[in-house]
Amino acid sequence: MSSFVKSMLRMGMAALVALAFTTACKKVEKGPKIPTDLDGWILYTTTDGEEVNFWSDAEANRCIDDYGYAYYDETKGVRYLHLKDIPEDFTGGFYNWANLKTIDLSHVDFSHCTKMDNLFYMTAVEKVVMSGLDLSSMKSMEKMFLECENLKEVKMDGLDISNVESLAGMFEGCTGIETVDFSGVKSNRCSNIYAMFFNCRSLKSYDLGPIGKYPLEATMGMFNRCTSLETIDLSGMNFAPHDNPSSSRIYAMLSYTTPSVVKIPASLTTDMGMASALYGVESDGTLYHPKGTDPLYALANLQRDGHKWKAVEY
């Protein structure tokens, strides 16, 4: 199946899910007062100051009038939305909110939700606040910010994603984001970070925090095309043993990157299959490997096409 067909199918699925979610929301009456108790309220702004653009003007009016619009603080330019009956599967929940600029979800109860895949797909969102959210029932947040090219900041301090198993493609195509910080996140079960930062061309730093401590089953293409990363530190990651480690689960994590420093755990030096995670780097640099390990296979992958790498123990 071609990538174009897959893209069309993905867009169609997201649209159907988003429509089902929208029609499930109960009407919230318009009113002149700004809520003082923010419990349960979503706060958001738009790029043009207008209401969120849905599929068409007519559809937008129907959604606003019948299912969600609450209050608008003209002084601050902030909108307040109270959604009830948020479904267990929140996939594509904000799909195609094309002019969405910032959104604060930290006051909403998502504790019963199990999926947030493609949550912001096809939006212009720049900042997302998820601080303190209890997402302990969540299992999957795949492609959550897929192709959010304007995204600059995601606040996740105190976020509980302790049962999330997959963050695959979470920031895929977020070409404008420069830093991602998971240090304040609670995570215990994530094993799939396949293409997590794929094509994040502006990414300069990251802190995975607890992500990667649970045995990782899929990491292929994790940093693929992250061309602004000067240092890539994999040393704290727990790669699960596998009969065929050169398969799609781990291969070419760093393809089309240009770091000057790469730091690896012992597991990426043990055999050529595991070391294939380093295949595709397009630069010269220094490889840091654990003391007492032989970096032969890791260097073999890094030095392809004439690139010059030296090994240093740590």
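The model is predicted, so local features need pLDDT of at least 70 and side-chain atom pairs count only at pLDDT 80 or more, while totals for chains, interfaces and linings use all residues. Residues are numbered from 1 along each chain as its sequence is written, and side-chain values use heavy atoms, with hydrogens and water left out.

The protein chain contains four helices and 12 strands (DSSP runs of H or I with at least four residues, and of E with at least two, numbered from the N terminus). Of its 314 residues, 51% are buried; buried means under 20% relative accessible area, exposed over 50%, and partly exposed in between, with a 1.4 Å probe and protein chains only. Contacts are heavy atoms within 4.5 Å. Among contacts between residues at least 6 apart in sequence, 78% join residues at least 24 apart.

Three salt bridges are present in the structure, each defined as a side-chain nitrogen of Lys or Arg within 4 Å of a carboxyl oxygen of Asp or Glu. Lysine 143 pairs with glutamate 172, with the closest N and O atoms 2.6 Å apart. This pair links distant parts of the chain, 29 residues apart: lysine 143 is in the loop between strands S5 and S6, and glutamate 172 in the loop between S6 and S7. Lysine 143 is partly exposed at 23% relative accessible area, whereas glutamate 172 is buried at 16%. Glutamate 165 and arginine 189 form a salt bridge at 4.0 Å, N to O. They too belong to distant parts of the chain, 24 residues apart, in the S6-S7 and S7-S8 loops respectively. Lysine 115 bridges to aspartate 117 at 3.5 Å; aspartate 117 is buried, with a relative accessible area of 8%.

Aspartate 104, in strand S4 (residues 100-104), is buried but has no salt bridge, and the nearest side chain of opposite charge, lysine 127, is 8.0 Å away (Lys and Arg count as positive, Asp and Glu as negative; His and the chain ends are not counted). Beyond residues up to four places away in sequence, aspartate 104 touches Trp41, Ile42, Leu43 and Val129.

Alanine 218 lies in the loop between strands S8 and S9 and is buried at 16% relative accessibility. Its C-alpha atom is 5.3 Å from that of tyrosine 194, 24 residues apart along the chain. Tyrosine 297, in helix H4 (residues 296-302), is partly exposed at 33%.
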